[in-house]
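Trainee: Could you walk me through the salt bridges in this one? I'd like to know how the labels get assigned.

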Amino acid sequence: MHSATILFGILFGLVVQAYTLPVKNSTALDEGKVRLKRKYSGGLSEKHLSHLHGAYEIVDRDEMTAMDQILEVNRKFRAPRGLTLREGDIATSHIRSAITCPGNSCLWPKAIDGFVYIPFLLSPLYDDMDRITIETGMQDISSATCIKFIPRTHEANFLDIQPRYGCWSFLGQTGGSQTLSLQTPGCMWSGVAAHEFMHALGFVHEQSRSDRDHYVSIIWKNIIPDQMHNFRKQLTNNLNSPYDYSSVMHYGRYAFSEDGGPTIIPKPDPYIPIGQRDGPSMLDLHKINVLYSCGSTE
């Protein structure tokens, strides 16, 4: 008993020391934030310790947004030759280099019955749970819009969903076989899948809206210098819709942070949560319906 007490005291002292000594040799992880993974004893879940302006902040993985997860996965690979990822996960090629969709030229066509059918192929490399996750992302969009994802039969234009390296999509319909990458297991969140499907529908990230400066402040000094281009505003069609802090398309607060400080702060309340990973918000679904004129036959 005496030796067990001594051993417990030593272990407790080491735990206290780990949380009181300065952290050295930190590794920049998760979209540039300085994070340290530690296992908690006593059955508690694993969490991240984030270095924020010299203080420590406990960040549960459950608080990660879809975009946080995407950036965490995508930082680990290099895009294939001829492919560039803009804003972290919007794929462009030498053939299609713009991330705008002038005149709605990249929208998927509406059928005579008022629905927008998007054919897809799902790689046989996915297991049953992967398929359920991806199809849940589809269902979260199609259940409240006129967008319908259908297995491809003979259609010339379709999404080819592959477990490639990273989570990424082209913007809107590009024509022909259109790759949409959802790596397994990293991208296997239904909210991540819905995020990439919304890119395929033609949506850019929420904080890229042309009117974003009225709603968020971009903290340029905290951004990794060679990643500042990811925060450029786009000439977007905002569809007469309010800015959506809760959009599944919104960057997280620390996206591409160089020193652990926030890169995006909401206005006027800096504590408003931004982004999430659950799936399309009500405003996301509303904007899909407006963009594709759901409810009307044109």
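This is a predicted model: local features need pLDDT of at least 70, side-chain atom pairs count only at pLDDT 80 or more; totals for chains, interfaces and linings use all residues.

Trainee: Why is the contact of Arg209 with Asp211 called a salt bridge?

Mentor: The rule asks for a side-chain nitrogen of Lys or Arg within 4 Å of a carboxyl oxygen of Asp or Glu. For Arg209 and Asp211 the closest N and O atoms are 2.9 Å apart, so the pair qualifies.

Trainee: How many salt bridges does that rule give?

Mentor: The count is 5.

Trainee: What makes Arg209 buried?

Mentor: Buried means under 20% relative accessible area, exposed over 50%, and partly exposed in between (1.4 Å probe, protein chains only). Arg209 has 5%, so it counts as buried. Asp211, at 17%, is buried too.

Trainee: And how do you know which label Asp213 gets?

Mentor: Its relative accessibility is 35%, so Asp213 is partly exposed. Arg212 meets Asp213 in a salt bridge at 2.9 Å, N to O, yet Arg212 is buried at 3%.

Trainee: What makes Lys233 and Asp213 a salt bridge?

Mentor: Their closest N and O atoms are 2.8 Å apart, so they pass the cut-off. This pair links distant parts of the chain, 20 residues apart. Lys233 is partly exposed, because its relative accessible area is 40%.

Terms used: Residues are numbered from 1 along each chain as its sequence is written. Side-chain values use heavy atoms; hydrogens and water are left out. Helices (H or I, at least four residues) and strands (E, at least two) are DSSP runs, numbered from the N terminus.
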